[in-house]
Amino acid sequence: MEHVDPLTGFRQDGRRVNEMRQIRGEIGVVAKADGSAQFEMGNTKVIAAVYGPREVQNKNQQINNQALVRCEYSMANFSTGDRKRKPKGDRRSTEISLVIRQTMEACILTHLMPRSQIDIYVQVLQADGGTRSACINAATLALADAGIPMRDLVTSCSAGYLCSTPLLDLNYSEDSAGGPDVTVGILAKTDKVTLLQMDAKLPMDIFENVMQLAIEGCKAIANYIREVLGENTKELEYRRGS
Amino acid sequence: MLQNKSFVKKTRGGKIQKQVRELYLRHDIPCGSHACGSSCDRAAARLPADAGTVLVLDTNVVLNQIDLLENPAIDNVVVLSVVLDEVRNKNLAVFNRLKALCTNTGRNFYVFANENFKETNVIQMVGESPNDRNDRAIRVATRWYQGHLAGNSKILLVTNDRENKRKAIEEGLSAETVESYVRSLGRPELLDLVVLPTSEDATMMDVEDLRPSKRKIIYSEHKPMSEITSGLLHRIYHQGKLRVNRYNPFEAYVGSESIGDEIVIHGRSNMNRAFDGDIVAVELLPQDQWHEGESSIIADDEDDEEDDVHLAPSSADDAPRSINQVQHAAASTLTVSSRPVGRVVGIIKRNWHSYCGSLEPMPMPAGHGGTAHALFVSKDRRIPKIRIQTRQLDNLLDKRIIVVVDSWDCSSRYPSGHYVRTIGKIGDKDTETEVVLIENDINSRPFSAQVLACLPPLPWTLSPEDLAKPHRLDLRDVRVFSVDPPGCTDIDDALHCTRLRNGNFEVGVHIADVTNFVHPGTPLDEEASQRGTSVYLVERRIDMLPKPLTEDICSLRSDVERLAFSVIWEMTPEAEIISTRYTKSVIKSCAALSYVEAQARMDDSRLMDPLTSDLRNMNSLAKIMRLRRIDRGALTLASAEVKFQIDTETHDPLDIGMYQIREANQMIEEFMLAANVSVAEKILKHFPLCSLLRRHPSPTKEMLEPLLRTATSVGLDLDVSSSKRLADSLDHAVGDDPYFNKLIRILATRCMTQAVYFCSGDLSSSEFFHYGLAAPLYTHFTSPIRRYADVIVHRLLAAALEISKLPPIFQDKAQLTNISDNLNYRHRNAQMASRASVELHTLIYFKKRPTDAEARILKIKSNGFIVFVPKFGIEGPVYLMPRGEKGGDWVVDEAHQRIIKAGTNTSFGVLQTVMIHLEVVEPQPNRPKLELSLK
């Protein structure tokens with residue numbers, strides 16, 4: 001299957017190779033949580049809710065000089081086409097939970113909140129490739145919504161390499177084509193990489209191009225997230241009546 | 001704008017699943033015309049501003065009229081992406097040709113992504129078939145173009161779909177059929193390229209028989225695909241590739257996996273319209289009908305095809321298939337043959353392509369300038385005659401033309417096709433050579449500008465940077481020389497041999513460093529990889545790499561500094577290799593010798609100069625290596641290679657003779673083999689999964705059968721259980737005359753399969769064996785100028801030495817396998833083309849000089865025998881009685897392979913020497929052939 005039409009240069013869904021899917025973010029979708037957000041990248045739709053900082057539930061896990069960050073990733077049973085009942089805590093979810101936790105932990109100023117706990121719950125409502133990235137972006141928005149102190153905004157985007165061209169933001173059919181898939185998470189302002197995952201072999205020079213493309217994508221997402229947060233702040237300001 | 005496209009799909013598990021895909025509709029797709037008045041991006045525009053008419057093609061036009069589209073007269077075309085998709089799904093070959101047209105910068109074909117464009121995207125309506133939707137999409141796009149380019153260009157929808165045309169005209173678009181459009185161009189010769197719609201087939205029948213009563217069903221109807229599939233599943237039918245006997249077009253074989261044997265198919269009606277190379281479904285005939293195969297030279301049929309004189313084939317793959325049949329015919333006299341016989345019930349995949357040939361001579365039709373029907377006779381005898389329609393009959397009668405098959409109706413004896421292009425006048429040497437090239441799919445076009453742009457600036461000289469590279473060894477002070485055939489301009493190997501202080505020898509093989517100039521991924525590399533090999537014809541050479549590289553920059557000529565890739569051994573005087581070194585180097589050859597010169601130097605005992613003593617040292621080493629190799633079981637095979645002396649002005653052959661092999665040839669060959677083996681070991685060690693190697697499979701028992709039969713009939717006992725045993729028994733096969741041994745070797749060579757390239761990851765290491773050389777590992781390293789395989793091996797070796805990085809292509813095993821398949825295909829075609837070229841020149845030679853020559857009988861047939869003429873390297877049939885007459889006075893003794901004239905003492909046995917007369921005759925016009933007759 002040709003993922004990039006050599007004659008028109010378009011991908012199967014009509015995007016060019018360096019174009020992202022349509023992104024949309026919304027803050028405050030779970031009223032009960034301290035912070036929450038929904039993030040969409042094309043047909044991938046995830047929801048994130050943040051609780052905390054709050055008292056550590058299991059005292060054994062309490063850390064004296066910093067906050068404990070916990071993350072739980074799950075996929076809704078209806079998120080993919082086939083109605084497969086996946087047991088909670090399968091290896092894939094555990095792995096992604098860990099990835100998200102580590103990524104977010106790197107940007108939360110945990111030392112400001114010792115002996116407390118922050119819970120991040122992310123759930124995939126609809127999956128169409130790039131769920132990992134979408135979850136991180138949603139978590140960033142939710143953490144900001146919860147007012148948790150952060151160094152910077154973490155944003156994430158994936159890029160792949162198919163038909164000898166680097167492609168930005170793979171959807172499910174591109175992702176399952178078997179090519180390499182590089183997921184990058186960066187601290188948008190400081191340009192530091194907090195997440196870099198790839199489970200395939202790729203020559204070094206090509207890898208750099210692919211990663212650069214993914215970083216460009218992260219930056220674009222960061223700009224958008226900043227916009228969303230700006231809008232949200234304006235609204236809060238308005239509600240306070242100032 | 002975002003839109004979701006959803007559809008249901010059946011998964012492999014049989015579940016029905018709903019798939020949802022996003023579809024982004026864009027605004028920024030340019031119309032591709034320079035005439036565009038609005039703000040379209042013109043960077044990719046292909047349609048010129050002054051294009052009077054812009055054509056929008058319907059899918060059926062592309063599918064059926066691709067030959068017409070390839071003609072430069074058709075230009076300024078918009079290809080819609082909906083059309084591209086439909087073509088891709090229906091016919092991949094046509095799609096690839098269309099793709100080539102769209103990417104060709106010389107043609108104004110613009111691909112318009114109408115499906116991704118907001119204004120031309122069309123959603124399937126309820127109750128609308130996908131076909132109708134696509135037609136509507138084409139019309140919507142046409143209308144958009146009409147509005148967009150209003151006033152600047154006329155937009156014309158070309159469609160052969162009557163309904164689509166009607167609707168288009170109703171909607172106010174201009175639409176025409178292909179035929180009426182081509183007619184409006186006013187160029188009648190283009191009309192020959194137009195494929196007529198099948199509804200007109202009825203009128204095309206007239207060429208054969210005018211009487212309507214003759215319009216009967218000649219072939220049985222093909223079974224529908226569903227029936228074939230279930231038949232295959234229940235093992236009623238058998239699937240396989242049909243191969244037509246090269247020597248008898250009315251006999252074909254289908255190699256079937258389900259039976260494990262070849263199914264024989266006799267006669268055109270059992271072949272049921274299948275072409276050579278088609279994948280067919282075959283039904284077995286009842287066993288009592290299994291005896292039709294006979295060992296006569298030709299099974300007679302209504303047609304006038306017959307056996308031909310050919311060059312002696314050099315391996316089993318080239319040899320006529322009928323060899324195996326002799327044994328069965330012998331058995332069939334007693335019992336029914338065990339060989340299954342069948343008939344074709346359906347064709348699973350067609351192998352139709354274009355064919356070279358000429359029209360069957362026919363009187364000019366009365367009406368002048370009108371259309372005429374003619375029968376096309378392909379040069380490839382396996383292809384049946386093809387009926388075509390032409391308006392330029394008088395023009396084409398004496399020409400070689402290319403024709404494509406369109407259809408074959410079960411009520412017509414011949415398939416119908418259409419004319420594609422003219423190659424040239426029949427009998428003209430250039431035309432016939434061109435035919436040889438086209439038939440073997442050899443690209444002889446000049447290199448494109450992009451390819452030539454990859455060459456280093458000329459004149460090239462060794463630069464200090466090259467020398468300064470740490471991995472490049474300076475060997476300019478070493479006495480390096482090359483030995484090649486006389487007149488060789490593409491010298492890709494040179495050698496040196498120095499005596500060391502400790503009595504050992506340092507022997508180096510230096511190969512042109514082609515990869516220093518041909519970098520992976522460049523157009524030059526792509527082109528070379530496509531061509532695969534240089535092709536050597538009698539009077540010309542078709543290069544794999546452009547001339548400056550082939551003849552100058554890479555050619556290791558004498559007295560110039562050249563870059564090389566070297567393998568250097570330290571050898572004891574007993575030719576034991578002590579150490580091997582591989583390095584890139586700079587050499588300066590001191591002499592470019594020919595084989596004759598080198599041989600003369602070695603033989604001339606008065607010469608004592610250092611170069612000559614180097615040659616003698618090498619020769620003595622080579623002799624030891626050769627002996628050792630033969631001891632291991634390498635076969636010394638022989639082939640009947642011939643050599644022409646060509647007139648320098650007319651390029652006509654002046655003389656033919658067998659190619660003489662000297663000791664010098666064997667010496668060079670020995671060191672090249674050693675270098676190849678050393679390199680194969682090295683690259684396999686470093687890259688066990690992606691090395692390109694060459695293997696030669698052992699011949700099977702059946703393949704050696706004809707050799708054994710011949711040998712037994714002359715009282716010779718051959719042991720074929722291993723290559724070593726075979727080599728030994730070949731050595732002992734000494735007959736009454738000196739040529740006997742060579743003849744046996746030629747016959748043995750003919751039973752071998754061809755050696756092939758493969759990717760080491762594809763096979764297990766036990767299959768790497770090279771039978772002919774008795775080497776566990778072998779590859780090609782020594783001729784990178786004329787073989788692409790060597791270029792790949794050079795890259796592998798460079799990567800193994802950490803001189804350069806391994807190009808990414810080697811990580812893709814599928815692609816590597818593709819490359820090696822292509823190399824095998826090209827290599828084989830190049831050989832076939834060389835042979836065809838030699839055959840062509842043989843014909844030209846004998847046309848002027850009917851000759852008598854000594855020949856050896858190879859095989860006895862029921863009405864004659866097949867002879868081999870050693871002097872000219874040709875073989876062909878000699879008839880003892882007129883064709884069609886079986887039996888007669890002559891009686892065949894199958895067991896002793898003799899043919900005896902009843903009542904007399906006259907008899908002929910296999911391998912016997914006979915005097916024959918060679919003469920060119922032309923029984924059918926435009927098909928001259930060499931005839932052999934008993935003197």
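Figure 1. The contact (heavy atoms within 4.5 Å) draws 22 residues from chain B and 21 residues from chain A.

The model is predicted, so local features need pLDDT of at least 70 and side-chain atom pairs count only at pLDDT 80 or more, whereas totals for chains, interfaces and linings use all residues. Residues are numbered from 1 along each chain as its sequence is written, chains are lettered from A and ligands numbered from 1 in the order in which they are written, and side-chain values use heavy atoms, with hydrogens and water left out.

**Figure 2. Salt bridges across the interface of chain B and chain A.** Two salt bridges are found here, a salt bridge being a side-chain nitrogen of Lys or Arg within 4 Å of a carboxyl oxygen of Asp or Glu. A:R16 forms a salt bridge with B:D28, and their closest N and O atoms are 3.3 Å apart. The pair joins two chains, because A:R16 lies in the segment before β1 (23-27) of chain A and B:D28 in the loop between β2 (16-24) and β3 (53-57) of chain B. Helices (H or I, at least four residues) and strands (E, at least two) are DSSP runs, numbered from the N terminus. A:R16 is partly exposed, at 27% relative accessible area, and B:D28 is also partly exposed, at 39%; buried means under 20% relative accessible area, exposed over 50%, and partly exposed in between (1.4 Å probe, protein chains only).

**Figure 3. The salt bridge between A:R54 and A:D119.** The closest N and O atoms of this pair are 2.4 Å apart. A:R54 in strand β3 (residues 44-55) and A:D119 in strand β5 (residues 116-126) of chain A are 65 residues apart. A:R54 is partly exposed at 28% relative accessibility, whereas A:D119 is buried at 2%.

**Figure 4. The salt bridge between B:R626 and B:E670.** The side chains meet at 3.9 Å, N to O. B:R626 lies in helix α20 (residues 610-632) and B:E670 in helix α21 (residues 663-686) of chain B, so the pair ties together parts that are 44 residues apart in sequence. Both B:R626 and B:E670 are buried.
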